[in-house]
Amino acid sequence: MKTRIFTAFFLLVALQFSSLAQEKYQFRHQGLDREYWMYIPENLPEQAPLVFVLHGYGGKAEGYCPQMIETARKHGFAVCYPQGEKAPKGKTGWNVGYPKQEGMKTDDIDFICDLARHVQKKFSLSRKNTFFSGMSNGGEMCYIMAMQHPEAFSAYASVAGLTMEWAYRSMSPKMAVPLMEIHGTADKTSLWEGDPDNNCGWGEYISVPLAVGVWAAEAKCTHTETVELPVRNNKVLMHRHLGGSPAWEGGPEIEVRLYEVVGGKHSWTHKDMDTCEEIWKFFSKYLR
(Lines give C-alpha, C1' and ligand atoms only; values in the text may rest on other atoms or scores of the structure.)
Protein backbone atom coordinates (compact mmCIF):
# COMPACT_ATOMS: atom_id res chain seq x y z
CA MET A 1 0.00 0.00 0.00
CA LYS A 2 2.80 2.40 0.98
CA THR A 3 4.64 1.57 -2.25
CA ARG A 4 1.60 2.51 -4.33
CA ILE A 5 1.18 5.78 -2.41
CA PHE A 6 4.84 6.75 -2.89
CA THR A 7 4.68 5.80 -6.59
CA ALA A 8 1.57 7.93 -7.09
CA PHE A 9 3.21 10.84 -5.25
CA PHE A 10 6.38 10.75 -7.37
CA LEU A 11 4.34 10.47 -10.57
CA LEU A 12 2.39 13.57 -9.56
CA VAL A 13 5.61 15.48 -8.83
CA ALA A 14 7.08 14.35 -12.16
CA LEU A 15 3.97 15.48 -14.04
CA GLN A 16 4.07 18.88 -12.34
CA PHE A 17 7.79 19.26 -13.13
CA SER A 18 7.33 18.28 -16.77
CA SER A 19 4.49 20.79 -17.17
CA LEU A 20 6.83 23.56 -15.97
CA ALA A 21 9.92 22.44 -17.89
CA GLN A 22 11.87 24.70 -20.23
CA GLU A 23 12.98 23.52 -23.67
CA LYS A 24 16.29 24.48 -25.26
CA TYR A 25 16.59 25.98 -28.76
CA GLN A 26 19.25 27.64 -30.89
CA PHE A 27 19.08 30.78 -33.00
CA ARG A 28 21.85 31.91 -35.34
CA HIS A 29 22.67 35.60 -35.06
CA GLN A 30 25.60 37.47 -36.59
CA GLY A 31 27.52 34.24 -37.16
CA LEU A 32 26.95 32.85 -33.64
CA ASP A 33 24.67 30.01 -32.57
CA ARG A 34 22.89 31.59 -29.64
CA GLU A 35 20.88 29.57 -27.10
CA TYR A 36 17.51 30.32 -25.63
CA TRP A 37 15.06 28.39 -23.49
CA MET A 38 11.28 28.42 -23.82
CA TYR A 39 8.38 27.64 -21.55
CA ILE A 40 5.02 27.29 -23.27
CA PRO A 41 2.02 26.23 -21.15
CA GLU A 42 -0.05 23.32 -22.37
CA ASN A 43 -2.90 24.22 -24.73
CA LEU A 44 -1.68 27.79 -25.11
CA PRO A 45 -3.75 29.42 -27.91
CA GLU A 46 -2.15 31.06 -30.93
CA GLN A 47 -1.19 34.72 -30.59
CA ALA A 48 -0.79 34.40 -26.82
CA PRO A 49 1.44 36.91 -24.99
CA LEU A 50 5.20 36.43 -24.67
CA VAL A 51 7.50 37.56 -21.85
CA PHE A 52 11.29 37.76 -22.15
CA VAL A 53 13.32 37.18 -18.96
CA LEU A 54 17.05 38.01 -18.99
CA HIS A 55 19.46 36.63 -16.39
CA GLY A 56 22.13 38.65 -14.62
CA TYR A 57 25.91 38.90 -15.01
CA GLY A 58 27.51 35.45 -14.83
CA GLY A 59 24.10 33.78 -14.98
CA LYS A 60 22.47 31.20 -17.21
CA ALA A 61 19.07 30.86 -18.83
CA GLU A 62 18.51 27.20 -18.00
CA GLY A 63 16.38 26.91 -14.87
CA TYR A 64 16.34 30.67 -14.35
CA CYS A 65 13.54 32.33 -12.35
CA PRO A 66 11.07 29.42 -12.18
CA GLN A 67 8.60 31.76 -10.48
CA MET A 68 7.93 33.36 -13.87
CA ILE A 69 7.10 29.94 -15.28
CA GLU A 70 4.53 29.37 -12.55
CA THR A 71 3.04 32.81 -13.29
CA ALA A 72 2.95 31.97 -17.01
CA ARG A 73 1.18 28.68 -16.36
CA LYS A 74 -1.39 30.46 -14.21
CA HIS A 75 -2.10 33.36 -16.58
CA GLY A 76 -1.46 31.82 -19.99
CA PHE A 77 1.63 33.31 -21.63
CA ALA A 78 4.91 31.99 -23.03
CA VAL A 79 8.32 32.77 -21.53
CA CYS A 80 11.61 33.13 -23.40
CA TYR A 81 14.90 32.93 -21.48
CA PRO A 82 17.81 33.98 -23.76
CA GLN A 83 21.36 33.01 -22.85
CA GLY A 84 24.02 35.70 -22.63
CA GLU A 85 27.43 35.14 -24.23
CA LYS A 86 30.78 35.09 -22.45
CA ALA A 87 32.88 38.23 -22.37
CA PRO A 88 36.65 37.90 -23.01
CA LYS A 89 37.20 37.77 -19.23
CA GLY A 90 34.95 34.72 -19.03
CA LYS A 91 31.62 35.80 -17.44
CA THR A 92 28.34 35.34 -19.28
CA GLY A 93 26.09 38.34 -19.62
CA TRP A 94 24.65 41.11 -21.75
CA ASN A 95 26.92 43.65 -23.41
CA VAL A 96 26.06 46.90 -21.63
CA GLY A 97 29.55 48.42 -21.51
CA TYR A 98 30.86 47.29 -18.12
CA PRO A 99 34.65 47.71 -17.83
CA LYS A 100 34.65 43.96 -17.08
CA GLN A 101 33.17 43.38 -20.55
CA GLU A 102 35.97 45.13 -22.41
CA GLY A 103 36.45 43.49 -25.80
CA MET A 104 32.95 41.97 -25.89
CA LYS A 105 31.65 42.21 -29.48
CA THR A 106 28.08 40.88 -29.29
CA ASP A 107 25.27 43.25 -30.23
CA ASP A 108 22.78 41.98 -27.68
CA ILE A 109 20.13 44.61 -28.39
CA ASP A 110 19.99 43.49 -32.02
CA PHE A 111 20.08 39.84 -30.93
CA ILE A 112 17.09 40.24 -28.61
CA CYS A 113 15.07 42.15 -31.23
CA ASP A 114 15.77 39.49 -33.87
CA LEU A 115 15.11 36.68 -31.40
CA ALA A 116 11.76 38.21 -30.45
CA ARG A 117 10.61 38.19 -34.07
CA HIS A 118 11.91 34.64 -34.51
CA VAL A 119 10.13 33.33 -31.42
CA GLN A 120 6.89 35.14 -32.26
CA LYS A 121 6.84 33.49 -35.69
CA LYS A 122 8.12 30.04 -34.68
CA PHE A 123 5.64 29.59 -31.83
CA SER A 124 2.74 31.69 -33.23
CA LEU A 125 2.90 34.22 -30.39
CA SER A 126 1.61 37.78 -30.30
CA ARG A 127 3.86 40.49 -31.70
CA LYS A 128 1.75 43.21 -30.08
CA ASN A 129 1.80 41.53 -26.67
CA THR A 130 5.50 40.84 -26.17
CA PHE A 131 7.07 42.14 -22.95
CA PHE A 132 10.62 42.53 -21.64
CA SER A 133 12.07 41.88 -18.18
CA GLY A 134 15.46 41.21 -16.65
CA MET A 135 17.38 41.24 -13.40
CA SER A 136 20.63 43.12 -12.66
CA ASN A 137 22.66 42.96 -15.91
CA GLY A 138 19.37 41.94 -17.58
CA GLY A 139 17.78 44.99 -15.96
CA GLU A 140 20.39 47.24 -17.57
CA MET A 141 19.28 45.77 -20.90
CA CYS A 142 15.71 46.88 -20.12
CA TYR A 143 16.76 50.52 -20.01
CA ILE A 144 19.01 50.36 -23.08
CA MET A 145 16.39 48.44 -25.08
CA ALA A 146 13.70 50.95 -24.10
CA MET A 147 15.94 53.77 -25.34
CA GLN A 148 17.09 52.15 -28.58
CA HIS A 149 14.07 50.07 -29.63
CA PRO A 150 11.03 51.10 -27.59
CA GLU A 151 8.72 49.73 -30.27
CA ALA A 152 10.05 46.18 -29.90
CA PHE A 153 8.24 45.47 -26.61
CA SER A 154 4.94 46.62 -25.13
CA ALA A 155 6.22 47.24 -21.58
CA TYR A 156 9.42 46.82 -19.56
CA ALA A 157 10.20 45.51 -16.07
CA SER A 158 13.66 45.78 -14.52
CA VAL A 159 14.65 44.13 -11.23
CA ALA A 160 17.78 45.54 -9.56
CA GLY A 161 18.71 47.17 -12.86
CA LEU A 162 20.62 50.38 -13.57
CA THR A 163 20.99 53.12 -16.13
CA MET A 164 24.64 53.37 -17.08
CA GLU A 165 25.95 56.93 -17.21
CA TRP A 166 27.25 56.46 -20.76
CA ALA A 167 23.70 55.57 -21.88
CA TYR A 168 22.15 58.43 -19.91
CA ARG A 169 24.49 60.96 -21.54
CA SER A 170 24.64 59.58 -25.09
CA MET A 171 21.05 58.43 -25.67
CA SER A 172 17.60 59.89 -25.20
CA PRO A 173 14.30 58.00 -25.18
CA LYS A 174 12.77 57.86 -28.66
CA MET A 175 9.30 57.52 -27.20
CA ALA A 176 7.60 56.93 -23.85
CA VAL A 177 7.09 53.35 -22.67
CA PRO A 178 5.39 51.70 -19.68
CA LEU A 179 8.25 50.78 -17.35
CA MET A 180 8.70 49.50 -13.81
CA GLU A 181 11.75 49.03 -11.60
CA ILE A 182 11.99 46.87 -8.45
CA HIS A 183 15.02 47.76 -6.36
CA GLY A 184 16.31 47.31 -2.82
CA THR A 185 17.60 50.36 -1.00
CA ALA A 186 20.36 48.24 0.62
CA ASP A 187 21.50 46.67 -2.65
CA LYS A 188 25.31 46.61 -2.46
CA THR A 189 25.79 45.45 -6.07
CA SER A 190 23.51 47.92 -7.86
CA LEU A 191 23.50 50.92 -5.55
CA TRP A 192 20.19 52.72 -5.05
CA GLU A 193 22.00 56.04 -4.86
CA GLY A 194 24.08 55.42 -8.00
CA ASP A 195 27.84 55.24 -8.44
CA PRO A 196 29.11 58.37 -10.23
CA ASP A 197 32.76 57.58 -9.41
CA ASN A 198 32.73 53.89 -10.40
CA ASN A 199 33.70 52.75 -6.93
CA CYS A 200 32.09 49.34 -7.52
CA GLY A 201 33.83 48.64 -10.83
CA TRP A 202 30.73 48.33 -13.04
CA GLY A 203 31.21 51.74 -14.62
CA GLU A 204 29.48 54.96 -13.67
CA TYR A 205 25.70 54.84 -13.30
CA ILE A 206 22.97 57.18 -12.12
CA SER A 207 20.69 56.78 -9.11
CA VAL A 208 17.66 54.52 -9.34
CA PRO A 209 15.02 57.22 -8.64
CA LEU A 210 16.60 59.46 -11.29
CA ALA A 211 16.69 56.61 -13.83
CA VAL A 212 12.99 55.91 -13.32
CA GLY A 213 12.22 59.63 -13.34
CA VAL A 214 13.58 59.93 -16.89
CA TRP A 215 10.78 57.67 -18.10
CA ALA A 216 8.10 59.35 -15.99
CA ALA A 217 9.09 62.67 -17.56
CA GLU A 218 9.12 61.18 -21.06
CA ALA A 219 5.59 59.84 -20.51
CA LYS A 220 4.53 63.29 -19.28
CA CYS A 221 3.24 61.86 -16.01
CA THR A 222 1.59 64.54 -13.89
CA HIS A 223 1.53 63.13 -10.37
CA THR A 224 2.77 60.32 -8.12
CA GLU A 225 0.85 57.97 -5.85
CA THR A 226 2.65 55.85 -3.22
CA VAL A 227 1.14 52.61 -1.94
CA GLU A 228 2.63 50.24 0.63
CA LEU A 229 2.36 46.58 -0.36
CA PRO A 230 1.33 43.97 2.24
CA VAL A 231 4.42 43.33 4.37
CA ARG A 232 6.14 39.94 3.99
CA ASN A 233 9.71 40.72 4.99
CA ASN A 234 11.07 44.11 3.99
CA LYS A 235 8.62 46.96 3.46
CA VAL A 236 7.84 47.64 -0.21
CA LEU A 237 6.65 51.07 -1.34
CA MET A 238 5.17 51.22 -4.84
CA HIS A 239 5.60 54.71 -6.31
CA ARG A 240 3.22 55.06 -9.28
CA HIS A 241 3.87 57.91 -11.71
CA LEU A 242 0.44 58.56 -13.22
CA GLY A 243 -1.30 60.82 -15.70
CA GLY A 244 0.96 59.82 -18.59
CA SER A 245 0.24 59.94 -22.31
CA PRO A 246 -1.83 57.11 -23.86
CA ALA A 247 0.21 54.01 -24.69
CA TRP A 248 -1.59 53.99 -28.04
CA GLU A 249 -4.49 55.96 -29.48
CA GLY A 250 -7.46 55.25 -27.26
CA GLY A 251 -5.34 53.00 -25.00
CA PRO A 252 -4.46 53.17 -21.31
CA GLU A 253 -2.13 55.82 -19.96
CA ILE A 254 1.57 55.08 -19.81
CA GLU A 255 2.43 54.38 -16.20
CA VAL A 256 5.94 54.31 -14.73
CA ARG A 257 6.53 52.55 -11.41
CA LEU A 258 9.30 52.29 -8.84
CA TYR A 259 9.04 49.57 -6.20
CA GLU A 260 11.25 50.70 -3.33
CA VAL A 261 12.19 47.65 -1.24
CA VAL A 262 13.26 49.28 2.02
CA GLY A 263 16.37 47.45 3.24
CA GLY A 264 16.19 45.03 0.31
CA LYS A 265 19.34 43.52 -1.15
CA HIS A 266 20.38 42.42 -4.65
CA SER A 267 17.74 39.86 -5.56
CA TRP A 268 14.43 39.16 -7.29
CA THR A 269 12.82 40.18 -3.94
CA HIS A 270 10.66 37.03 -3.84
CA LYS A 271 10.74 37.13 -0.03
CA ASP A 272 9.38 40.68 0.00
CA MET A 273 6.67 40.52 -2.68
CA ASP A 274 5.19 38.25 -5.33
CA THR A 275 7.55 39.72 -7.91
CA CYS A 276 6.50 37.82 -11.01
CA GLU A 277 2.79 38.26 -10.29
CA GLU A 278 3.39 41.99 -9.83
CA ILE A 279 5.29 42.17 -13.12
CA TRP A 280 2.53 40.36 -14.97
CA LYS A 281 -0.18 42.57 -13.43
CA PHE A 282 1.73 45.56 -14.79
CA PHE A 283 2.28 43.99 -18.22
CA SER A 284 -1.36 42.90 -18.51
CA LYS A 285 -2.47 46.55 -18.36
CA TYR A 286 -0.97 46.85 -21.84
CA LEU A 287 -2.45 43.79 -23.55
CA ARG A 288 -4.06 44.59 -26.90
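Biologist: Where is Thr 269 found?

Modeller: In this predicted model, Thr 269 is found in the loop between strand S12 (256–261) and helix H7 (275–284). Its phi is near 60 degrees, a positive value in a residue other than glycine.

Biologist: Is Thr 269 buried or exposed?

Modeller: A residue counts as buried when its relative accessible area is under 20%. Thr 269 has a relative accessible area of 2%, and is therefore buried.

Biologist: Which loop holds Ala 160, and what is its phi?

Modeller: Ala 160 lies between strand S8 (156–159) and helix H5 (165–170). Phi of Ala 160 is near 55 degrees, again a positive value in a residue other than glycine. Because its relative accessibility is 1%, Ala 160 counts as buried.

Biologist: In what order do the strands of the sheet stand?

Modeller: The order is S1-S2-S4-S3-S7-S8-S9-S12-S11-S10, with 10 strands forming an open sheet of mixed pairing. Strand S1 (23–29) and strand S10 (223–228) are at the edges; each has a single partner strand, so one side of each is left without a neighbour in the sheet. On average, neighbouring strands are turned by 20 degrees against each other, direction ignored.

Biologist: How many bridges join S11 to S12?

Modeller: Strand S11 (residues 236–242) is joined to S12 by 6 bridges, and the two run antiparallel. As one of the pairings, Leu 237 has Glu 260 in S12 as its bridge partner.

Biologist: Why is H4 described as largely enclosed by the rest of the structure?

Modeller: Of its 12 residues, 11 are buried, so H4 is largely enclosed. Among the buried residues are Asn 137, Tyr 143 and Met 147. H4 also lies across strand S3 (48–54), strand S7 (125–135), S8 and strand S9 (179–184), and runs at about 130 degrees to S7.

Biologist: How is a pair of packed helices described?

Modeller: The description uses the angle between the two axes and the distance between them. Here, the axes of helix H3 (residues 108–122) and H4 come within 10 Å and cross at roughly 75 degrees. H3 is therefore roughly perpendicular to H4.

Biologist: Which residues of H3 and H4 meet?

Modeller: From H3, Asp 108, Ile 109, Ile 112 and Cys 113 meet Met 141, Ile 144, Met 145 and Gln 148 of H4. By class, this contact has 6 nonpolar, 1 polar and 1 charged residues.

Key
Residues are numbered from 1 along each chain as its sequence is written. This is a predicted model: local features need pLDDT of at least 70, side-chain atom pairs count only at pLDDT 80 or more; totals for chains, interfaces and linings use all residues. Side-chain values use heavy atoms; hydrogens and water are left out. Buried means under 20% relative accessible area, exposed over 50%, partly exposed in between (1.4 Å probe, protein chains only). Helices (H or I, at least four residues) and strands (E, at least two) are DSSP runs, numbered from the N terminus. Two strands pair if DSSP finds at least two bridges between them. Axes are lines fitted to C-alpha atoms, for helices over the stretch in contact, and angles run from 0 to 180 degrees between N-to-C directions. Contact means heavy atoms within 4.5 Å. Angles under 35 degrees count as roughly parallel, over 145 as roughly antiparallel, 65 to 115 as roughly perpendicular and the rest as oblique. Ala, Val, Leu, Ile, Met, Phe, Trp, Tyr, Cys and Pro count as nonpolar, Asp, Glu, Lys and Arg as charged, and the others, Gly among them, as polar.
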